[in-house]
Amino acid sequence: MVALDQRIIESLTQNSQETFKLIEEYAKYCEDTLDVQSGYDLALRIQELGFIEEALALTNRLYDVYPDDALVLLRAELCIDKNELDEAIDQLLHIEEDSDYYVSALLVMADAYQQLELYEVALEKLKLAKRLAKDEPVIDLALFELYFYMGENQKAYQSLVSLEHNELIEESIYVKKMARVLGAMGEYEEVVSSLDQLSSEEHDSESLFELGLAYYQLKEYSRAHHQFKELLQKDPDFYSAYYYFGTSAIDCGFMDEGITYLEMALQHNPYHETLYVTLFDVYQKKNDVDKINALGESAQQNNIDGLSWMIKWSRHLLHFEEYDTVIEQIERYFEMDDEESELYWILASAYAALEDDVNAQKWYEQAYLIFEDNVEFLQEYALYLREIGKRDLFETMMSRIKTLDGSQVDEFGEDF
């Protein structure tokens, strides 16, 4: 019978029809010898090899022979592997509370509910499992993963702390998981302290990224740059690191290297507004108008319309006197989102340049509600008011500027 066991394993990658025929033969052997355990072990082995349909076929045949809760549990896990989550839950509901497999069923059910994005339901299953088996470390690990996924970082931390030095989880893996949750909590110095315990062999791409990110958040850009460089040398396709490597390189004075990686980051994720904003600032420092314009075209093609990008791009267009385009762009944005912003100021400037005083005054008044303490705005508004002959309002703005910063008035002389 050992030979038949081995023949099934060998047939998995060769002949699926032969595999299912052998599974039927093996299930019959288990029935005749009442050796369901061997069949269960083989199903697990087939599952581990990634042949889910074959493992499920064997499990179903074994269940026909011996309808045990262990087989129900395995069948549910295989359904989850096939992404048949509702079917998995239906299977698990057949396991009664007095079953030795009930706590395990709750854990598997929580996994299914989590994948269905029913996080609160998943959490209730894990809490029930915890009440029934309070000393079971597997439950604490599951709670950590779920709390972390839900953004409940303090609770995730508490669940993980209980697993320190537990044989369930290797020390290096524990350190990496702890670094993840500490980073999410903003405890970057502790992240560094935690991950520095690992040897280079124990580090993986994720832990190198977490360490680099911690240094980055601590504004230790030289160390962050070194860490991200080491990561990308080992794993060039770790795209999440491109942005941070690029910006840390620029902070360290490696402008060309930084731009290269920021542009690579944009190629891999052309829908991320932060990349557009960051590259805009870099190109502006280099006075590279052609690249700024190309960036603007890319942003338009990819429907980038976040507020930070809109402000920068509108000011760029305003500088090059593309007033009609500025107005069209901002007013289209306001149709989607009328959030109070610097766009009011930019729109007023564009209308003023076109000598559309009705709209210019309207938007300057809106902008004033936001920028009444901004001297640069008040200077521009005062100049405009003087140009259209609004002397009283002009004097009001001048008084406001003098209150905020008298030196700014003196710079323009008495006729300002």
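Biologist: About how much accessible area do Leu116, Leu118 and Val121 have together in their nonpolar surface patch?

Modeller: This is a predicted model. Leu116, Leu118 and Val121 form a nonpolar patch on the surface. Val121 belongs to helix H8, residues 119-132. The accessible area of the three together is about 200 Å².

Biologist: Is valine 121 buried, partly exposed or exposed?

Modeller: Buried means under 20% relative accessible area and exposed means over 50%. Valine 121 has a relative accessibility of 33%, so it counts as partly exposed.

Biologist: Which residues gather in a patch of negative charge on the surface?

Modeller: One of them is glutamate 170, in the loop between helix H10 (153-161) and helix H11 (171-184). Glutamate 170 counts as exposed because its relative accessibility is 54%. The patch is made up of Glu164, Glu170, Glu171, Glu201 and Glu202.

Biologist: How many residues of helix H21 are buried?

Modeller: Helix H21 runs over residues 343-353 and is mostly covered. Its buried residues are Leu343, Tyr344, Trp345, Ile346, Leu347, Ala348, Ser349, Ala350 and Tyr351. Of the 11 residues in H21, the number buried is nine.

Biologist: Which residue just after H21 takes a positive phi?

Modeller: The phi in question is about 60°. The residue that takes it, just after H21, is glutamate 355.

Biologist: How many helices and strands are there in the chain, and is it spread out or compact?

Modeller: The chain has 25 helices and zero strands. For 416 residues the globule rule gives 22 Å, while the radius of gyration is 32 Å, well over that value, so the chain is more spread out than a compact globule. Along the principal axes, the C-alpha trace spans about 105 × 45 × 45 Å. The answer is 25 helices, zero strands, and a chain that is more spread out than a compact globule.

Biologist: What share of the 416 residues is buried?

Modeller: A residue counts as buried under 20% relative accessible area. Over the 416 residues in the chain, the buried share is 43%.

Biologist: Which residue forms a salt bridge with aspartate 32, and how far apart are the closest N and O atoms?

Modeller: The structure holds 15 salt bridges, and one of them involves aspartate 32. The partner is lysine 28, with the closest N and O atoms 2.9 Å apart.

Biologist: How far apart are the closest N and O atoms in the salt bridge of arginine 332 with glutamate 328?

Modeller: Arginine 332 and glutamate 328 are separated by about one helical turn, because they are four residues apart in helix H20 (residues 323-336). Arginine 332 counts as partly exposed at 42% relative accessibility, and glutamate 328 counts as exposed at 53%. The closest N and O atoms are 3.7 Å apart.

Biologist: What is the N to O distance in the salt bridge where glutamate 220 and arginine 223 meet?

Modeller: Glutamate 220 is partly exposed, with a relative accessible area of 30%. Arginine 223 also counts as partly exposed, at 48%. Their side chains meet with an N to O distance of 3.4 Å.

Biologist: Which residues are linked in a network of salt bridges?

Modeller: A salt bridge needs a side-chain nitrogen of Lys or Arg within 4 Å of a carboxyl oxygen of Asp or Glu. The residues linked in a network of such bridges are Glu53, Lys82 and Glu84.

How values were computed
Residues numbered from 1 in each chain as written. Predicted model: local features only at pLDDT ≥ 70, side-chain atom pairs only at ≥ 80, totals over all residues. Heavy atoms only, no water. Patch = residues over 30% accessible without salt bridge, like charges linked within 9 Å, V, L, I, M, F, W, Y side chains within 5 Å. Areas by Shrake-Rupley, 256 points an atom, 1.4 Å probe, with all protein chains shown as cover. Lys, Arg positive; Asp, Glu negative; His and termini not counted. Charge placed at Lys NZ, Arg CZ, Asp CG, Glu CD. Helix = DSSP H or I, 4+ residues; strand = E, 2+ residues; numbered from the N terminus. Buried < 20%, exposed > 50% of the residue type's maximum accessible area, 1.4 Å probe, protein only. Rg over C-alpha atoms; globule rule 2.2 N^0.38 Å.
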